[in-house]
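My notes follow in the order I made them.

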Amino acid sequence: MNGQERVVIENVKPQINCGEFPVKRVVNDRVEVEADIICDSHDVLSAEILYRCQDEKEWHLAEMEHGVNDRWQGCFLVSGLGSYFFTVKGWADHFKTWHRDILKKIHAGADYTSDLLAGAEIIRQTNEKYSRELLPEEAGFLKETIEELTAEERPASERTGAILNNALYDIMLKYPLKNHATTYHKELEVTVERERANFSTWYEVFPRSLGKGTGQYGTFKDVISFLPYVAEMGFDVLYLPPIHPIGKTKRKGRNNSNEAQDGDPGSPWAIGSKDGGHKAIHPELGSLDDFRKLIIKAAEYGIEIAMDIAFQCSPDHPYVKDHPGWFKHRPDGSLQYAENPPKKYEDIYPLNFESEDWENLWEELKSVFEYWIDQGVKIFRVDNPHTKSFRFWARTIGELKKNHPETIFLSEAFTRPKVKYQLAKSGFTQSYTYFTWRNTKFDITTYCHELTKTEVRDFFRPNFWPNTPDILPEYLQVSQRTGFIQRLVLAATLSSNYGIYGPAFELMENTPTAPGKEEYLNSEKYELKDWNLNHPASLKKVIARINKIRHENKALQNTHSLKFHNIDNEALLCYSKTSDDLSNIVLVVVNLDPHHPHHGWIHFPVKEFGMDEHTSYQVHDLLSGAFYLWNGEHNYVEIDPGIMPVHIFKVRKKVRTEQDFDYFM
């Protein structure tokens, strides 16, 4: 401890778990930093952010400003991938304190003779400390100022010219004396990822269902033929369920039956057979070279291939024979299969993260990621990560990102909130959420507030999915076409990352295995499907329109700007999103009732968006193409779900007047 350091710095934000985990940003984001900074007595304080990227030794500086109740704010830009580090420094600023106090004395007519000499000493120290950095004209000005302040033969009133000159203040702020400065006791970390971590549009498809004929196993070549369909709808991530060999022992049959019939393909998540394990490809899908060609061809359409990583094994996986110690054993010596009582998953053996051989297990699993990264995969959707060790994920993802900072990891963990959040803190880039079950205005607003207005926003990036192969929500079972469009728009506009499981979604598959169940009847997880992609009722054109709107509006490419607005109807939900500079404003109104028309009055606080409450403005419905002229903060809307259950308005601040007319003088 240095007893001369008088400034106290507390409550620095953002930081996660007292700095244990990094906050998350993407390239070219601003990191906004806040801190409580106080000092004894009445000295004026100064503060700054010190920041650097992982490869730099020297700190960059960003000035902080004093706000309300000793809360200080500042920001810095992160311009590259990897880790950044920052901390906060504060000090009692003797020049600012002197300058404030002598101005008070001058204006009050009090004696300030000795203060002139004190100021000269502060300036002399600055001149000495920064002798190499000062420009010649700056050094000359400071020297003249010192001479003026110390000219005791002259009256004090004739020696205040420099004090009242902004040039002195500007130079002294440029070259501050930071005597006895306090630096916050932690260096906090920021993980910086590429833009797709923050804005992505996912489409999930089973390659094996893309065969040319009924019952014919699809291949990677068929997926290549499928790419134009995906691109036409505007998706930029094509996610494939596991592409590895599937075990035969205890293989599941159709509709998750315990006995497979001849020809049943089994679940892709029962990984491993005589053909290999997690580093092998199912032979019917094609070769490794075919897979590489798919990645290359997808990139030509602006699409990245996301790969499913499911760390579990069928009884036929090579790990079972070669590394039996990586699995749990029952008292009779047999391996423990997966269970979620009363359900049994005898086609899957979970890995044992309490294995005595855990270090080799961890290294092998990390090598699975490394193998596929070498093949060109940069995005991974990880199955059930909450059933694996948090420490495993933190170390593995951390080490992978050191060498491959462009990688993205999506956590598929439908589990308790704190478990989901711990996985995000441990390094997962994006996370599945409870959006799938949030249907009412209260549920949606409360949940989104948690994601965007609390510290959760600094480490947890939501990815909203209205359906998955595992989940056919009850809402979609009963709401028909209108409900599918409504949930699509909510997912695509509330979150900057969203995805759908198709073609089931656009073809509006909504038949469950039984009433009260959320599993698809004749689930694609256990059989090949023959999808009619050209069905006249398909939502593909609506999906394409929504995704086009997302790509054309910067406001929809972030989640943090989400704001909900009052509307006097519980069946209507209204919210806005903006670009950081407010140049792009999107206002969304959704009818949450898929069966009946509703209307209401919106309260849209125009001042918060840099608009004059007395000036008209235009809203353009990007779905219907209609234009409306609005005035003030309260405006009327009505939505008939039979036509379209949503409005997506682009707010245009300026309405043309006579001054825009060519002949206006």
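Predicted model: local features only at pLDDT ≥ 70, side-chain atom pairs only at ≥ 80, totals over all residues.

**Largest pocket.** The largest share, three residues, comes from β15. By class, I recorded 15 nonpolar, 13 polar and 13 charged residues in the lining of the largest pocket.

**Second largest pocket.** This one holds about 1,100 Å³ of space. I counted on 35 residues for its lining, and those nearest its centre are Arg25, Asp29, Arg30, Arg457 and His560. β2 (23-26), β3 (30-38) and α11 (441-452) each supply at least two residues of that lining. The lining of the second largest pocket divides into eight nonpolar, 13 polar and 14 charged residues.

**Cavities.** How many cavities of 30 Å³ or more does the structure hold? I found three. The largest cavity has about 90 Å³ of space. Among the residues that line the largest cavity are Phe206, Tyr217, His244, His282 and Leu285, and its lining also includes Pro207, Pro241, Pro242 and Pro268. I put the lining of the largest cavity down as nine nonpolar, two polar and one charged.

The second largest cavity has a volume of about 50 Å³. Its lining includes Tyr501, Glu509, Tyr520, Glu524, Lys529 and Trp531. I recorded five nonpolar, two polar and three charged residues for the lining of the second largest cavity.

**A helix pair.** Last, I looked up how α12 (residues 474-494) and α13 (residues 540-552) sit against each other. Their axes come within 11 Å and cross at roughly 15°. Angles under 35 degrees count as roughly parallel, so α12 is roughly parallel to α13. The crossing of α12 and α13 is right-handed. From α12, the contact is made by Arg481, Ile485, Leu488, Val489 and Ala492; from α13, by Val542, Ile543, Ile546 and Arg550. The contact residues of the two helices divide into seven nonpolar, no polar and two charged.

Definitions and conventions
Residues numbered from 1 in each chain as written. Heavy atoms only, no water. Axes fitted to C-alpha atoms, helices over the stretch in contact; angles between N-to-C directions. Helix = DSSP H or I, 4+ residues; strand = E, 2+ residues; numbered from the N terminus. Parallel < 35°, antiparallel > 145°, perpendicular 65-115°, else oblique. Left-handed = near helix turned anticlockwise from the far one by under 90°. Contact = heavy atoms within 4.5 Å. Nonpolar A, V, L, I, M, F, W, Y, C, P; charged D, E, K, R; others polar. 1 Å grid on protein atoms, 1.4 Å probe; cavity = no way out; pocket = protein on both sides within 12 Å on 5 of 7 lines; lining within 4 Å. Points joined across faces, edges and corners; volume = space filled by probe spheres on them.
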